Amino acid sequence: MNALAQFQDGFARALYGDGDAGGLAAQPGFRIYRNTVLRACIDALQANFPSVQRLVGAAWFEEAARAYARRCPPDDVRLLNYGGDFDAFLAALPEARQLPYLPGVAQLDRSWREAHVAADAAVLDPQAVAALPREQLAGARMAVHPSARWHWFEALPVYAIWCAQRDAAPVPELAWRGEGALLLRHGGQVHRQALGLGGCALLEACRGGATLQAAAARAQQAEPALALADTFATLLRAGAFSSLDLSSTQGIP
């Protein structure tokens with residue numbers, strides 16, 4: 001590492017409170033600059049994770065965000081992307097052990113933001129899919145919409161908690177069981193809806209390139225009682241797919 005690179009590395013470490021960089025940290029101007037940078041990181045996390053902040057309160061969140069910023073400085077000038085692993089940080093935070101649903105709430109905040117800025121794409125027409133012969137549809141590969149984000153939370157009502165915080169509404173009476181969520185952007189708005197384990201498994205398999213028949217089998221395996229046709233229809237109506245590839249069905253009558 002050359003002298004310039006060493007200085008830059010030391011400067012960055014001093015900026016986030018890890019090192020001195022040749023006495024820079026003792027200078028009043030540097031301290032002001034460091035506080036400004038940390039404030040920008042904290043403000044970005046507050047904007048990116050509003051449901052988490054409402055859930056834990058502004059003071060608790062600020063302390064957690066400050067600790068995260070010092071440990072994980074931004075690696076992208078677009079602070080809209082900051083906090084990619086904030087959920088994992090919260091999961092490892094001793095102060096958050098009494099809030100097992102908090103990392104999941106952070107995941108949904110991040111997914112909302114990702115859905116909001118995802119690439120545009122057409123939405124697959126459900127009627128066009130319904131018109132296909134069953135054999136062709138089984139061998140088709142469905143492209144998941146670029147804005148689609150989904151999660152399954154085992155044994156925790158994370159989606160209900162997140163919705164209440166997102167809407168700044170009282171948390172409803174909760175059933176402490178697993179919940180899933182689907183987020184999609186259409187018409188410039190991010191839409192949300194509950195999604196079961198089987199639906200999450202089906203989308204995951206489709207994203208991995210499985211045929212619809214194989215994806216359906218994985219969904220049924222994940223949730224044996226799944227109403228597969230209803231789940232698939234719900235995903236189509238929601239706009240979860242952008243296109244389908246029939247190339248693997250060529251030659252099928």
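**View 1. Helix α12 gives the largest pocket the largest share of its lining, 6 residues.** This is a predicted model, in which local features need pLDDT of at least 70 and side-chain atom pairs count only at pLDDT 80 or more, while totals for chains, interfaces and linings use all residues. Residues are numbered from 1 along each chain as its sequence is written, and side-chain values use heavy atoms, with hydrogens and water left out. Helices are DSSP runs (H or I, at least four residues), numbered from the N terminus. The largest pocket has a volume of about 450 Å³. Here a pocket is an open set of points on a 1 Å grid over the protein atoms alone, where a 1.4 Å probe fits, with protein on both sides within 12 Å along at least five of seven lines; lining residues have an atom within 4 Å of a point. The volume is the space filled by probe spheres set on the points. Lining the pocket are 16 residues, and Leu137, Leu212, Leu228, Ala229 and Phe232 lie nearest its centre. At least two lining residues come from each of α7 (126–130), α8 (134–139), α11 (212–222) and α12 (228–238). By class, the lining has 13 nonpolar, 1 polar and 2 charged residues (Ala, Val, Leu, Ile, Met, Phe, Trp, Tyr, Cys and Pro count as nonpolar, Asp, Glu, Lys and Arg as charged, and the others, Gly among them, as polar).

**View 2. Helices α6 (residues 102–117) and α9 (residues 158–166) cross at roughly 60°, and their axes come within 9 Å.** α6 is therefore oblique to α9; angles under 35 degrees count as roughly parallel, over 145 as roughly antiparallel, 65 to 115 as roughly perpendicular and the rest as oblique. Axes are lines fitted to C-alpha atoms over the stretch in contact, and angles run from 0 to 180 degrees between N-to-C directions. On α6, look for Gly104, Val105, Leu108, Asp109 and Trp112, which make the contact with Val158, Tyr159, Ile161, Trp162 and Arg166 of α9. Contact means heavy atoms within 4.5 Å. This contact has 7 nonpolar, 1 polar and 2 charged residues.

**View 3. Helices α10 (residues 197–207) and α11 pack at an angle of about 150°, with axes 8 Å apart.** The two helices are therefore roughly antiparallel to each other. Leu197, Gly198, Ala201, Leu202, Ala205 and Cys206 in α10 meet Ala215, Ala216, Arg218, Ala219 and Ala222 in α11. Of these contact residues, 9 are nonpolar, 1 is polar and 1 is charged.

**View 4. Helices α10 and α12 pack at about 65°, with axes 10 Å apart.** Here Gly199, Leu202 and Leu203 in α10 meet Leu228, Thr231 and Leu235 in α12. The contact has 4 nonpolar, 2 polar and no charged residues.
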